[in-house]
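Let's take a walk through this protein together. Have a look at the model first, and then we'll go through it piece by piece.

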Amino acid sequence: MDQITEGGPPRNYKFKELKVYASTEWLADNKRKYRQVFDRYEVAYIYTELSFYNRLFDEEDWDISVQLKCFSVNRGKRKELCELAVNKKVSKYDQVVYLREGWGNKNEGTFWKKGTYYWEAWVNDRKEGTKYFYVEDAGDPVLHDFNPYLELKSLRLYEGPFDDLSEEERHYYKAFSNEETRYIYGEFVFRNLNDDNKWQCELFAKFYNGARELKGQVVRLQNIKKDEEFITITAGWGSNVKGSWRKGKYTLELVFMDQLLAIIPFEVQEDFEIGIPPVKLPHKKQMMVMAPDEDLSETFEDVLSKLDELIGLSELKKRVRDHAKYIQFLQLRRDRGFAEEEDINIHSVFIGNPGTGKTTVAGMMGKIYKKMGLLSSGHVHEVDRVDLVGEYIGQTAPKVKEAIEKARGGVLFIDEAYSLARTNDDTKDFGREVIEILMKEMSNGEGDLAIIAAGYPKEMYHFLNSNPGLKSRFNLTYEFPDFMPQELAKIAMYACGRKGVKLTRGAKLKVEELITEAFRKRDRTFGNARFVFDLLERAKINLGLRIMRKRDLEQVNIDSLATITREDVDNMDIYPVKFRPKIPVDNKLLISSMAELDQLIGMEPIKKEIHELAELVTYYRSVGKSVLNSFNLHTVFIGNPGTGKTTVARILTKIYKALGILERGHMIETDRQGLVAGYVGQTAIKTAEKIDEAMGGVLFIDEAYSLTTGFQNTTSADFGNEVVQTILKRMEDRRGEFFVFAAGYPENMEVFLKANPGLRSRFDKILRFEDYSVSELTEISTKMFKDKGYELELEAADHLVGYLSFLHSYRDRYFGNARTVRTVVDQAIKNQNLRLAAMPKEQRTDHYLLTIQDVNEFQSTTDQFVFNKNRIGFRSTDR
């Protein structure tokens, strides 16, 4: 124990400190590397430093006589090793005076042995201070990459007051709030490698800011007992006053026996961020998370036993166990001198629907690989596409490398990995860059990493086929099947235990009934175990609401607070009934919309059909009959270009709104590009978003045939089929909440309707738009000229009729109908404008009259066609 002796006559000095060090290296501000614990193999001389304040500073010089004595202590008895006399003239210019002397041998490891020692400082025959120090011996010297004393197992950071927190009170962060943080503590757990001896452990915790300025240093000296397996040390720096930490980047550095153990970067920002920061170990290039094991004494077989305890997944558990045993076999061969051509591959693909246990098993794989010595920490770092893909060029690679380094030592779990693989012909997606970096890491990276890619079955097989090298890197594929109803029932019992509730017999039967019903209706989005946990959570909520309705809560016993009854389960709406709003008929809008329809040229059969539909819906509503149970009202619009499909679709949407069938009555127009995403798995999401946008109105899909096979390559067709499947499901699940209008050319739309059996049954209305006749095309042109304020001379009008008749006689399925007429009209008006512009201003008579000169360029000759059309037989010039 350090002592300071006072008393006696006045002195010219005031004792400051007595310190110990071994290195002669000079540090800033006249300091040394002060320590109390030394390794015998590193020390030659051990020095002491006496410092005192000069009370005659700036007054006069004076002399001092000092004796520095060193003693060893063995079983309570001390032995003097040396007595060093120092006589010094103290300068009046020295405010603080330092005296340094040492003892030992120039050869390291020869003089100092394991034991307890102390220095004493005597000034003018008065003892001023004592400083203890310790020399330890673990059998080997401490090196930068080898430590015979301890092994770092866990490192976490937390916030607390000056007097620290108990382990139960700690919350661990990787970033801290600048306004709420007091002290930032490091919690360090070591495995004691020198457990055959009791020894002194001295740990330096140094806090640096972003400019590498030392913010604070804490030294912990801890007596380690013999056979003590684990050592836990905490050290913190800060202030009890909140706000002493400024926003910025910091590091906490651990030093033991003059060797850097670890560097822990952390950040002070606006809010706390829960987590464990990655740690930089000096002998490793990569960062790693030093998360504590749940049970440091857990064995390899203990982990496998926990895997076996999982409900279901019998085939998968057998494969994992066989894989682990095979790795042990390969390790045994290597230990016996066999040379293996390739490294042990621990990268794998997990294929399965949501809630099938992929993340749980990934955590166990990390523990298994750690126990086998293949991973250093075994933790799981979970990411998805958003965490890996940058928004701009140059952002992706740093994000991927950062994720890899955070996972180093454990498992990089990539959820929905298929989203990284766009269509095979898309070279612009940054997801490809992610795959390339991952492949490089798996091939010749630094190791200490297992990559697990997870996702839906169909999409994951596409992911593996998207790059020739992926299958060879991911040579382990584990399939996670949907749980059976009996397995989900067992999971329900497990969930009850987790949630602290139990089921009555009636409630248990009802839960099993709901599980079976959900299993039968399941699709690829079925939540499996997640569905069951959600089911029990909702039942627990109903239990709570039932209890809180009681008047006398004091009479409620403990058992009642934990028992879910049949009533609690019956009150759950797994598939709630949706009520449609009753919207009255808007007669004003209906009349105007029908008038707009009647004003259209031609298409008399379509007008008649829509009129009949409107009358029928009006009648059904007047007698209280359900319109939506009688009609789907999803409609197919079949016709060549320019036949009025989009125009009629917009009018029909307004008619449905006027009849009160649609809540909002808007129409969202889209095509294949607006529905299909560039990478697997995202098409359904993009389609669902577009449907949500159309909810309460109409989703109009132009050229809908392009979504089905026969019009795209295989990969693109798969995406289109995903659109169709998504739309069909939403048409059924959200019946009556929106309508789908699918439009396209006649031949192609026939193929579209036959591509999926569900399409024809959903689209119960088909409107066929015939090509316009010559007279209708003429009427359309006249209306277009009139709408723009122009008229034609009789000769010009006759010439235009002849030209339209000629175009109509040579029409094919690509004939533009009204679009072609619009092109002719626009060109004729342009010709007239150019003709007038070339004339002197005084000669311009009628600015809105077109003459034969303006339409003369439209000649009835086949020379204008890009390709000559082969014709057989006869065709009339009108219908």
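Helix H9 covers residues 485-499 and helix H11 covers residues 529-548; they pack at an angle of about 50°, with their axes 9 Å apart. Here the axes are lines fitted to C-alpha atoms, for helices over the stretch in contact, and angles run from 0 to 180 degrees between N-to-C directions.

Before we go on, a word on the model: it is predicted, with local features needing pLDDT of at least 70 and side-chain atom pairs pLDDT 80 or more, while totals for chains, interfaces and linings use all residues. Residues are numbered from 1 along each chain as its sequence is written, and side-chain values use heavy atoms, leaving out hydrogens and water.

Now try a second pair. Helix H5 (residues 396-407) packs against helix H6 (residues 431-444) at an angle of about 40°, and their axes lie 10 Å apart. That makes H5 and H6 oblique to each other too, and H5 passes H6 in a right-handed crossing. Thr-396, Ala-397, Val-400 and Ile-404 make the contact from H5, meeting Glu-433, Val-434, Ile-437, Leu-438 and Glu-441 of H6.

Time to zoom out. The protein chain has 25 helices and 33 strands (DSSP runs numbered from the N terminus: H or I of at least four residues for helices, E of at least two for strands). Its C-alpha trace spans about 135 × 85 × 70 Å along the principal axes. Of the chain's 879 residues, 48% count as buried, that is, under 20% relative accessible area, with exposed being over 50% and partly exposed in between (1.4 Å probe, protein chains only).

So where does Arg-170 sit? You'll find Arg-170 in the loop between strand E9 (150-160) and strand E10 (173-177). Arg-170 counts as buried because its relative accessibility is 13%. Leaving aside neighbours within four places in sequence, Arg-170 is in contact with Tyr-158, Asp-164, Leu-165, Glu-187 and Thr-234.

Key
Parallel < 35°, antiparallel > 145°, perpendicular 65-115°, else oblique. Left-handed = near helix turned anticlockwise from the far one by under 90°. Contact = heavy atoms within 4.5 Å.
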